[in-house]
Amino acid sequence: MQIWVDADACPVVIKEILFRAAERTGVRMTLVANKPLRLPTAANIRFVQVPPGFDAADKRIVELMEANDLVVTADVPLAAAAIDKGGTALNPRGELYTKENVRERLSVRNFLDELRGSGVNTGGPPALSQRERQAFANQLDTWLTKRAKATGGS
């Protein structure tokens with residue numbers, strides 16, 4: 001089990017939480033992006049650079065991930081693909097995607113895309129709040145605890 005991070009749009013503060021967790025627990029973590037990233041020096045943290053292009057990082061994550069892996073992403077189609085492959089998907093705002101809610105999120109995303117396509121300004125997401133950072137850290141800790149139990153504590 002490992003963590004995959006859709007790193008192009010992942011907030012720096014969330015990456016820092018992930019780095020600390022990986023260093024503390026030894027869980028393998030791979031960040032995937034189309035631009036180079038600064039990473040802490042750790043044997044269990046790696047980076048995969050993909051060529052620029054629409055959904056290149058998403059496609060690589062789905063290709064490389066396995067069932068029971070965690071995917072950190074705000075991209076709803078990537079979250080849906082991760083869940084379909086047997087993984088867990090977590091939004092940087094602390095929302096755990098599930099089979100039940102990811103389809104609804106896809107519908108909302110598609111509706112907003114249609115609105116934007118017709119010229120309606122739908123705005124962007126608000127700044128990441130302290131509550132959302134804490135929710136993310138809590139969900140990550142829950143996943144790490146389940147992982148530790150499943151692997152016998154390692």
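**Exercise 1.** Let's start inside the sheet of this predicted model. Which residue in β4 is the bridge partner of Val 5?

*Solution.* Begin with the pair itself: Val 5 has Val 72 of β4 as its bridge partner. Next, look at the strands around this pair: β1 and β4 (residues 70-72) run parallel and are joined by three bridges. Then turn to β2 (residues 28-33), which also runs parallel to β1, with five bridges between them. There, Ile 3 is partnered by Met 29. Finally, follow the chain: β1, helix α1 (residues 12-25) and β2 form a β-α-β unit that is right-handed.

**Exercise 2.** How many salt bridges does a search of the whole structure find?

*Solution.* The search finds three. Take them in turn.

- Asp 141 meets Arg 24 at 3.2 Å, N to O. This pair links helix α5 (residues 130-150) to helix α1, 117 residues apart. Asp 141 is partly exposed at 33% relative accessible area, whereas Arg 24 is exposed at 56%.
- Glu 132 pairs with Arg 93, their closest N and O atoms lying 2.7 Å apart. Because Glu 132 is in helix α5 and Arg 93 in the loop between β5 and β6, the pair ties together parts 39 residues apart in sequence.
- Glu 63 and Arg 60 pair at 3.9 Å between their closest N and O atoms. Both sit in helix α2 (residues 56-64), about one helical turn apart.

Key: Residues are numbered from 1 along each chain as its sequence is written. This is a predicted model: local features need pLDDT of at least 70, side-chain atom pairs count only at pLDDT 80 or more; totals for chains, interfaces and linings use all residues. Side-chain values use heavy atoms; hydrogens and water are left out. Two strands pair if DSSP finds at least two bridges between them. Helices (H or I, at least four residues) and strands (E, at least two) are DSSP runs, numbered from the N terminus. A crossover is right-handed if, with the strands pointing away from the viewer, the path from the first strand over the helix to the second runs clockwise. A salt bridge is a side-chain nitrogen of Lys or Arg within 4 Å of a carboxyl oxygen of Asp or Glu. Buried means under 20% relative accessible area, exposed over 50%, partly exposed in between (1.4 Å probe, protein chains only).
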